[in-house]
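This report is for a reader who is meeting the structure for the first time. Please look at the sequence and the model together before reading on.

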Amino acid sequence: MILADKKILLGVTGGIAAYKAVEIASRLRKKGAEVHVVMTKEAACFVTPLTFREITGQPVSLDMWEEPAHWNVEHIALARLADLVLIAPATANIIAKAAAGIADDMLTTTLLAVTSPIFFAPAMNSAMYENPVTQENMAKLQARGWHKIEPAAGYLACGVSGVGRLPEPQDIVRELEEAGARGKTLAGKKVLVTAGGTLEAIDPVRFIGNRSSGKMGYAIAQEAARRGADVVLVAGGTVALADPDGVRVLRTESALAMRDAVLQEAEDAAIVIKAAAVADYRPKTRQVQKIKKNDAELTLVLEKNPDILLELGGRKKEKQILVGFAAETQNLLDYAKAKLQKKNLDLIVANDVTCPDAGFNTETNLVKIVARDGSVEEVPLMSKQKVAEVLLDRIESLQK
């Protein structure tokens, strides 16, 4: 059993869904795991520590100033023993505090000392979940390598329907098992990922660019690192994201700069995933000084940028896997299949950027993964983190 003999630290915070954490603890015990619970004082208003102590057979940590139940300093002892950490439910408050690095109680202090994988399951009112601040905080945690368990949609305790329900305990435990099953499957392999859009300068102030945020590429890089790969991430000029943990990041601005970095790093890469939205054209002449506005029309002469993916396809080594992306607004599969063949790709990820909640600057994506043999895997709308997991599973299947 994947979770057997694993020491799991279960963080329970002050939301109504705390009652589900009791069943989570029970199911983890039945899988053979040793469960240690850390509660916030607010969580104890919903479920008593005694309940968790009886379920887990372990002392429950609640207060920084209690007599230590383990050895040494309690929060350090808990952090060291954990093979993985699960925060369920994860309220907006704990997510915000963790994102900011605040350590004002037993749980948040322990989290700062943890070096093992951390999973968090958000549970809150849908408006709170969709608030930009909460979304930014979750993105920060994911960039640091935390694993988000997507909330379910449905009727909430506050009387409204929407996203924000804590998933059922069996679903959360299954997600932990699936993550454990994947393990360090890319250990010893170099994975090169590109992300974001390029900026093509007109003058020192203005540029030609696109709307790519780099979120998809960053999710892929983070997931590859979690699987043990040696990851190099080449980020374009539109990216304003924090560097993912365990990933070597090369920041570039223009298509020419990205090309230089990619061709150099691709030489010894086992897997190359080109998720960047590279500008097809750049101004033929870059003005040294800012162009001043006047009554005359301005004409820009554009010249083609190099096709980095096409070059990679022409240089592809034996057993090297090359994956491209196709962001389209029409004829999605036709264009994607033509691009796959022309550029000698093993897979191409196609997405229609006109679809709601998919494409640029979103937290979710809706894609089709097209293989060299013409087969198409339709991936439903899900977080970009989940899309990254599906894509890497598909890539790994090609290596077997």
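The model is predicted, so local features are reported at pLDDT of at least 70 and side-chain atom pairs at pLDDT 80 or more, while totals for chains, interfaces and linings use all residues. Residues are numbered from 1 along each chain as its sequence is written, and side-chain values use heavy atoms, with hydrogens and water left out.

**Helix pairs**

Helices (H or I, at least four residues) and strands (E, at least two) are DSSP runs numbered from the N terminus. Axes are lines fitted to C-alpha atoms, for helices over the stretch in contact, and angles run from 0 to 180 degrees between N-to-C directions. Angles under 35 degrees count as roughly parallel, over 145 as roughly antiparallel, 65 to 115 as roughly perpendicular, and the rest as oblique. A crossing is right-handed if the near helix is turned clockwise from the far one by less than a right angle, and left-handed if anticlockwise.

| Helix pair | Angle | Axes | Crossing |
|---|---|---|---|
| α1 and α2 | about 15° | 9 Å apart | right-handed |
| α1 and α8 | roughly 45° | within 9 Å | right-handed |
| α10 and α11 | about 20° | 10 Å apart | right-handed |

Contact here means heavy atoms within 4.5 Å. On the α1 side, A18, A21, V22, A25, S26 and R29 meet T51, F52, I55 and T56 of α2. Sorted by class, this contact has 6 nonpolar, 3 polar and 1 charged residues. In this scheme Ala, Val, Leu, Ile, Met, Phe, Trp, Tyr, Cys and Pro count as nonpolar, Asp, Glu, Lys and Arg as charged, and the others, Gly among them, as polar.

The contact of α1 with α8 divides into 6 nonpolar, 1 polar and 3 charged residues. An α-helix has 3.6 residues a turn, so residues three or four places apart point the same way.

Helix α10 (residues 255-265) packs with helix α11 (residues 308-315) at about 20°, which makes α10 roughly parallel to α11. A255, M258, R259, V262 and L263 of α10 are in contact with I308, E311, L312 and R315 of α11. These residues comprise 6 nonpolar, no polar and 3 charged.

**Helix α4 and its surroundings**

Buried means under 20% relative accessible area, exposed over 50%, and partly exposed in between, with a 1.4 Å probe and protein chains only. In helix α4 (residues 92-100), the buried residues are A92, I94, I95, K97, A98 and A99. They pack against β3 (84-90), α5 (106-113), β4, α6 (126-130) and α7. After α4 comes G101, with a positive phi near 75°.

Two of these neighbours hold residues that deserve a separate mention. Strand β3 contains P89, and the peptide bond from A88 to P89 is cis, with omega near 0°. Helix α5 contains A113, which is partly exposed at 27% relative accessibility. Leaving aside residues up to four places away in sequence, A113 touches I76 and A79. A113 and I76 are 37 residues apart in sequence, and their C-alpha atoms are 6.3 Å apart.

**An aromatic pair**

Rings of Phe, Tyr and Trp (its six-membered ring) pair if their centres lie within 6.5 Å; planes under 30 degrees apart count as stacked, over 60 as edge-to-face and the rest as tilted. By this rule there is 1 aromatic pair. The ring centres of F120 and W146 are 5.9 Å apart and the planes stand at 65°, so the pair is edge-to-face. F120 lies in strand β4 (residues 118-122) and W146 in the loop between α7 (132-143) and β5 (147-148), 26 residues apart. Both F120 and W146 are buried.

**Positive phi in loops**

K319, in the loop between α11 and β16 (321-328), is not a glycine but has a positive phi near 75°. K319 is exposed, with a relative accessible area of 75%. N361 is also not a glycine and has a positive phi of about 60°. N361 lies in the loop between β17 (347-352) and β18 (364-371) and is partly exposed at 48% relative accessibility.
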